[in-house]
Amino acid sequence: MPTDFNQRIIDEFRANGGRVSGPFEGARLILLTTTGARSGARHTTPVGFLPDDGERILVIASAGGAPRHPDWYHNLVAHPRVTVEDGVFSYEAEATVLTGDERDRLFARAVEADPGWAAYQDKTARTIPVVALAPVGGPTPNASSPAAGLKLVHDAFRRELALIRREVAESGSRIGLGAQLRVNCLTLCQGLGYHHSIEDGAMFPHFERVRPNLAPTLARLRREHERIASLVEELRAIVTAEHSAPGFALATVDRLTTELESHLAYEEQELIPLLDAPG
């Protein structure tokens, strides 16, 4: 059973589309549901995560530097199929405990992004595990309606972009961007591109068929997609350059933030009232 503290986080996370207050406010957080190694019962735990190349994410079984691995780690070793909730979607995932050079490289990447991981490792004699969670099958939206789903996706982009902006700003005194920050930026770029391709290929054509009067609105949204795509490519080029300057990245993130917020607000104003309308 989750502790009272964890249960409050779980309830708040589910009620607010992945947003929580308190010590985890503004952090990358998922709800990880595992199957008990001994009991076979399902257990849900709030866990911080790191984006990784591709679709998988990483979780680190630090337990705050405790001498023993956390229970959720023992559970997924016994039963690697887990459920992940990210605030927008729920999906099944396969857990893989990373070993050897791969584990060491990714843990070092995490430490570069947040030295707190190294502090946890210094507190314990055990080697803190790094676990990759790879999606299996398609995700299930955590939304009661198409309008609610669109707002959840938009808010997730807002949170991630704000977090990346903070991370880039904090790296300003370094020579270049850290490896994990590069991955975070590229994951955002990929997500924005995918989301807009779905809108351009499915949602906007649907509205063109059923509401021809929306043509000027949809034309504006498509133009905004093109401007955002240009900024995304600029950010991608900066973070993949051999010597990425944090100052250039921050300026691009700021422009992307301004452009994207304006776009999301306009799209919500114009389309959300229609998404759940009868017919």
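**Ground rules.** I worked on a predicted model, where local features need pLDDT of at least 70, side-chain atom pairs count only at pLDDT 80 or more, and totals for chains, interfaces and linings use all residues. Residues are numbered from 1 along each chain as its sequence is written, and side-chain values use heavy atoms, with hydrogens and water left out.

**Entry 1, helix 2.** I took helices and strands as DSSP runs, numbered from the N terminus (helices H or I, at least four residues; strands E, at least two). I then asked which residues of helix 2 (71–78) are buried. They are W72, Y73, N75 and L76. Buried here means under 20% relative accessible area; exposed is over 50%, and partly exposed lies in between (1.4 Å probe, protein chains only). I looked up the partners of that buried set next. They pack against strands 1 (29–35), 2 (42–48), 4 (57–60), 5 (81–85), 6 (89–97) and 7 (130–141).

S171 sits in the loop between helix 5 (146–170) and helix 6 (179–210). Is S171 buried or exposed? S171 is buried, at a relative accessible area of 1%. I listed its contacts (heavy atoms within 4.5 Å). Leaving out residues up to four places away in sequence, S171 touches L177, L181 and P246.

I searched the whole structure and found 19 salt bridges. The criterion is a side-chain nitrogen of Lys or Arg within 4 Å of a carboxyl oxygen of Asp or Glu.

I checked R109 and D52, whose closest N and O atoms are 2.8 Å apart. R109 is in helix 3 (100–113), D52 in the loop between strand 3 (50–51) and strand 4, 57 residues apart. R109 is buried at 8%, and D52 is buried at 3%.

D254 pairs with R165 at 2.5 Å. D254 lies in helix 8 (246–275) and R165 in helix 5, so the bridge ties together parts 89 residues apart in sequence. D254 is partly exposed at 28%, as is R165 at 33%.

R222 meets E208 at 2.7 Å, N to O. This pair links helix 7 (215–240) to helix 6, 14 residues apart. R222 is partly exposed at 26%, and E208 is partly exposed at 36%.

Last, I noted a network of salt bridges that links R19, K151, D155, R158, E261 and E268.
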